[in-house]
Amino acid sequence: MEISVISPVYGCRESIGELYEKVTATLQKICSSYEIIFVNDNCPQNSWEVISAIAKNDKNVKAIKLSRNFGQHYAITAGIDHCSGKYAIVMDCDLQDKPEEMEKLYKKALEGYDVVHGRRVERQDSFFKSFTSKLFYKTLEYFTDTEHDYTIGNFGIYSRKVIDALKELKEKSRDFLLLVKIVGFKKTEIAVEHSERVYGKSSYNFSKMLDLAIDSIVSHSNKPLRLIVQFGLMVSMLSFFVAVGLVVAHFTYGFSVEGWTSLMVSMFFLFGILFGILGIIGLYIGKIFDQVKNRPLYIIDEMIN
């Protein structure tokens with residue numbers, strides 16, 4: 001098998017037929033053997049009916065139905081685990097990633113690259129979507145000490161070496177692009193066209209983007225814990241210098257701090273900081289708890305082909 005195309009499906013029932021036709025036409029032009037893997041992430045629009053009908057009529061199509069909604073990155077993981085191609089192409093189902101651009105990715109990969117990302121030079125997204133995406137990746141850059149380009153998404157081609165390496169990573173927290181960065185190998189990127197969204201709407205609202213950012217940061221970086229230590233040392237040093245200043249002021253000028261208000265404000269401020277610190281530590285403990293339970297990353301309800 002030369003190429004496996006993996007597409008997680010949630011929403012966009014109307015686009016699946018058109019996606020299948022365009023992907024098939026492109027693959028038939030660039031290689032002799034291929035497979036298309038649709039992973040239905042418990043789509044509420046009952047997309048499984050469309051996917052299963054396509055799979056029953058075309059043996060090149062694999063259909064995987066998850067038992068519940070696990071999330072986009074878990075659906076991609078299911079596709080990665082069940083692909084058999086020398087190369088795997090990951091793309092969304094909403095046709096914003098243009099299937100015709102797969103030819104560019106494949107030709108670039110044949111030059112010896114293990115990872116070729118599609119860089120969306122002109123993203124056809126709303127202002128809110130673009131802004132939250134930039135904010136998300138800037139936050140990830142700061143807390144994980146890695147570089148992220150907001151124009152790059154999951155759309156890309158990955159060699160068998162990358163696929164096999166990704167299968168070895170069993171973290172419960174899944175961020176596909178971060179996992180690709182972790183495994184390494186020879187990477188590059190090329191410009192691809194990005195289409196406007198015609199079918200459905202993005203399920204990534206601000207709340208989900210925030211949850212994903214926190215999850216990715218806690219799972220892939222201990223920088224928040226280091227920042228807590230640095231902040232604690234700064235508060236301690238500041239308290240020490242303030243104490244020294246008050247002692248000097250008392251014996252030199254007879255000045256002393258009085259008042260219930262200043263004491264209570266200081267106490268509430270420090271207690272707020274302490275609860276925030278405990279919350280961050282709790283997030284890390286929760287991640288450890290999730291990992292040691294060793295539950296499966298996803299559960300398959302049904303498969304075709």
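Tutor: Helices (H or I, at least four residues) and strands (E, at least two) are DSSP runs, numbered from the N terminus. This is a predicted model: local features need pLDDT of at least 70, side-chain atom pairs need 80 or more, and totals for chains, interfaces and linings use all residues. Numbering runs from 1 along each chain as its sequence is written, and side-chain values use heavy atoms, without hydrogens or water.

Start with helix α10, residues 260–293, which holds I281.

Now the rings. There are two aromatic pairs (Phe, Tyr or Trp six-membered ring centres within 6.5 Å; planes under 30 degrees apart are stacked, over 60 edge-to-face, the rest tilted). Y87 and Y106 have ring centres 5.9 Å apart and planes at 85°, so they meet edge-to-face. Y87 sits in strand β4 (residues 87–90) and Y106 in helix α4 (residues 102–109), 19 residues apart, so this pair links distant parts of the chain. Y87 is buried, because its relative accessibility is 8%. Y106 is buried too, at 9%.

The other pair is Y158 with F176: centres 5.2 Å apart, planes at 85°, hence edge-to-face. Y158 belongs to strand β6 (residues 152–159) and F176 to helix α7 (residues 176–183), so the pair ties together parts 18 residues apart in sequence. Both Y158 and F176 are buried.

Charges meet rings as well. K186 places its charged end over the ring of Y113, 4.8 Å from the centre.

Definitions and conventions. Buried means under 20% relative accessible area, exposed over 50%, partly exposed in between (1.4 Å probe, protein chains only). A charge sits over a ring if NZ of Lys or CZ of Arg is within 6 Å of the ring centre and within 35 degrees of the ring normal.
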